Amino acid sequence: MNRKFSVYLDFIRFAAALAVFVSHVPGFAGGWLWQVAGFGHEAVVIFFVLSGFVISYVVFEKQESAIKYTVSRLSRIYSVAIPALFLTLSLYYLGQEVNQAAFVSLNEKLNDPILTLISAFTFTNQSWLASPVFSNLPYWSLGYEVLYYLFFGILVYSRGNKRVMLLGLVCLLMGPSILLYLPIWLAGVFCFKKLKVYNLSFGLSLLLYSISIIGIVVLSVSSIQSGINTFMLNILGSDFYNILLEPAEKFVSDYVLALFVTLHIFSSYHLINNSSFLSIGKKVELLVKEMSSHTFSLYLYHMPILYFISALFPYDSLPILNLAFCWFIVPLLIFLISNFTEKKKHRYAIFFNAIFTKFSPNNALKSDS
């Protein structure tokens, strides 16, 4: 992958994680800077498309084997998910000892704690029924993401009737909400497969890039999304929407947004290849790479910590401390924790690789190569 294009994708990934963080902070900080909030859902759609694109790259470009694919996905997810669950449980119960009122709204929605933890660990927390993971509300998207990894792995590495049967079982496990968002993730796969099929001129690349930016911005800041979803609600009926989980109710407008995100990735690749676009210094490039290496941690750690901070330093009584912690101390703390979790995922890779090598060296699905 072109180095400058790789840096650009890292920037998009970090910007999306930052958007999720910023969209949540005002709710814990007295509504301060609420004007910059409200784009967290759109950022997750960007994550889904980008995930499909990047996974396709490592599978097809780097020719990953089935075992390598499985080990890479497991180590990537669990290196952050396990610490996130530990952090969430600790701060959830400790926070209630400090200020139970800060967790009232969560307690009303919480299912059985043991079943919640099992569903979170197995990433089935969004399969048919939503199971909020204590104070870690962003964790919902992992229930989508991991099943897409499983679906794609079966699609690539298995064959014949076995593939059909396994894909059917995965789709059944997904349930309607996760299944509706599968095309958004696959849009990233489609983008990668078509990336080098066409040779776009600089002018056309710039035009498509501009259209993608305008489309993403307009959809994110206007009431068009609401209009699209209301229109489809009238067509499909409320009975259909009643079976969907809350994040999936926007699936139609998210399809449109995914088209613009896909176009953005596609056009930016050709724009970078055809010009000096994104000519940045080495220091900026290293900074972007470093920041993006904490993306998953920023996404998955921030809300449990914000809930704890709101219990420890309520905005109504300690506004200065609350604002300082929510907006500045929390991200710094996350980056510190990330150095011992997300940036140590190679340890998980060694662990999972040892398991596959020892117990199932001959049972792995065979790759295309």
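User: Happy to look at this one together. In which loop is Trp 128 found?

Analyst: Good place to begin, and keep in mind that this is a predicted model. Trp 128 has a positive phi of about 75 degrees although it is not a glycine. Most residues other than glycine have a negative phi. As for its place, Trp 128 is found in the loop between α5 (113–121) and α6.

User: What is the phi of Phe 134, and is the residue buried or exposed?

Analyst: Phe 134 is placed in the loop between α5 and α6. Its phi is positive, about 55 degrees, although Phe 134 is not a glycine. With a relative accessible area of 3%, which lies under the 20% limit, Phe 134 is buried.

User: Which residues line the largest cavity?

Analyst: Searching the whole structure turns up 1 cavity of 30 Å³ or more. The volume of the largest cavity is about 30 Å³. By class, its lining holds 5 nonpolar residues, no polar ones and 1 charged. The residues in question are Leu 106, Lys 109, Leu 110, Pro 132, Phe 134 and Leu 137.

User: Which element gives the largest share of the lining of the largest pocket?

Analyst: The lining of the largest pocket divides into 16 nonpolar, 9 polar and 12 charged residues. The largest share of this lining is 9 residues, and the element that gives them is α2.

User: And which residues are closest to the centre of the second largest pocket?

Analyst: About 760 Å³ of space lies in the second largest pocket. Of its 28 lining residues, the closest to the centre are Leu 137, Pro 138, Trp 140, Glu 246 and Pro 247.

User: How many residues make up the largest share of the lining of the second largest pocket, and from which element do they come?

Analyst: By class, the second largest pocket is lined by 15 nonpolar, 9 polar and 4 charged residues. Elements giving two or more residues to this lining are α1, α2, α4 (104–109) and α13. The largest share is 4 residues, from α2.

User: Where does α3 bend?

Analyst: Helix α3 covers residues 66–98, which makes 33 residues. From first C-alpha to last, α3 reaches 47 Å, close to the 48 Å expected at 1.5 Å a residue. The helix bends by about 30 degrees, and the place is Tyr 78.

User: Last one: with which residues is Val 36 in contact, leaving aside neighbours within four places in sequence?

Analyst: Val 36 sits in the loop between α1 (3–24) and α2 (40–61). Its relative accessible area is 40%, so Val 36 is partly exposed. Val 36 and Ser 23 are 13 residues apart in sequence, yet their C-alpha atoms are 6.8 Å apart in space. Setting the sequence neighbours within four places aside, the contacts of Val 36 are Val 22 and Trp 327.

Conventions: Residues are numbered from 1 along each chain as its sequence is written. This is a predicted model: local features need pLDDT of at least 70, side-chain atom pairs count only at pLDDT 80 or more; totals for chains, interfaces and linings use all residues. Side-chain values use heavy atoms; hydrogens and water are left out. Buried means under 20% relative accessible area, exposed over 50%, partly exposed in between (1.4 Å probe, protein chains only). Contact means heavy atoms within 4.5 Å. On a 1 Å grid over the protein atoms alone, a cavity is a set of points where a 1.4 Å probe fits but cannot get out, and a pocket is an open set with protein on both sides within 12 Å along at least five of seven lines; lining residues have an atom within 4 Å of a point. Grid points are joined across faces, edges and corners, and a volume is the space filled by probe spheres set on the points. Ala, Val, Leu, Ile, Met, Phe, Trp, Tyr, Cys and Pro count as nonpolar, Asp, Glu, Lys and Arg as charged, and the others, Gly among them, as polar. The expected span of a helix is 1.5 Å times one less than its number of residues. The bend at a residue is the angle between axes fitted to the seven residues ending there and the seven starting there.
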